Amino acid sequence: MLGRKLAEGFIPTWAAQPAGEPQEAIDKMNNTHKVVISNTLTESPWENTVVAGGDLTETVNKLKDQPGGDMIAYGGGTLVSDLIAKGLLDELHLFVNPTAIGAGMPVFANSGAHQRLRLVTAHPSEITSCRHWRFAPTNIHSASTRLISAPE
């Protein structure tokens, strides 16, 4: 799952088979079914990709009800912030870069409430990988598919 803005760069980049990336990773990215969340696009210009719009909670819950494994929402601060605010993420993976840039899009800007997170694992290095933050259940949904956020 991707927001429209991220999809416009992400999908064509992988389709162009970027140099330096293993062919296995390129094939996985290009062959994986993708859903672009957008209220401005009506159809997908990309292969193996559909567009879903409308109410985000309904859209995500319909996707969770479909057969298959876990879903991943890649990057895209607007989409991920909205998923957090609506309690739709089951896990949040963050990369924390210790560089103060003085600007940028906050991840939790639209949450409107204190977020109950539990750190499950962290791997410190130059960029710390906080691999699993688990959300306290706020938007209970009976589907077995989980929605996981992954950084860009």
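Helices (H or I, at least four residues) and strands (E, at least two) are DSSP runs, numbered from the N terminus. The model on screen is predicted, so local features need pLDDT of at least 70 and side-chain atom pairs count only at pLDDT 80 or more, while totals for chains, interfaces and linings use all residues. Residues are numbered from 1 along each chain as its sequence is written, and side-chain values use heavy atoms, with hydrogens and water left out.

**Whole chain.** Colour by secondary structure: the protein has 4 helices and 8 strands. Followed along the sequence, they come in the pattern β-α-α-β-β-α-β-α-β-β-β-β. Of the 152 residues, 33% count as buried (buried is under 20% relative accessible area, exposed over 50%, partly exposed in between, with a 1.4 Å probe and protein chains only).

**Helices H1 and H2.** Select residues 4-15 for H1 and 23-31 for H2. At what angle do H1 and H2 pack? The angle is about 130°, and the axes are 9 Å apart. Axes here are lines fitted to C-alpha atoms, for helices over the stretch in contact, and angles run from 0 to 180 degrees between N-to-C directions. H1 and H2 are therefore oblique to each other (under 35 degrees is roughly parallel, over 145 roughly antiparallel, 65 to 115 roughly perpendicular, and the rest oblique).

Now show the side chains at the contact (heavy atoms within 4.5 Å). H1 supplies Phe10, Trp14 and Ala15, and H2 supplies Ala25, Ile26, Met29 and Asn30.

**The largest nonpolar core.** A nonpolar core is a set of buried Ala, Val, Leu, Ile, Met, Phe, Trp, Tyr and Cys residues joined through side-chain atoms within 4.5 Å. In the largest one, of 17 residues, select Met1, Ile37, Leu56 and Leu83, which touch the most other members. Two or more residues each come from strand E2 (34-37), helix H3 (56-65), strand E4 (71-74), helix H4 (77-85) and strand E5 (91-96). Which element gives the most to this core? H4 does, with 4 residues.

**The second core.** Next, select Ala7, Trp14, Ile26 and Trp46, which are among the 9 residues of a second, separate core.

**Leu63.** Last, go to Leu63 in helix H3. Is Leu63 buried or exposed? Leu63 is buried, with a relative accessible area of 13%. Leaving out residues up to four places away in sequence, Leu63 touches Met1, Val35 and Met71. Draw a line from Leu63 to Val35, C-alpha to C-alpha: they are 28 residues apart in sequence and 9.2 Å apart in space.
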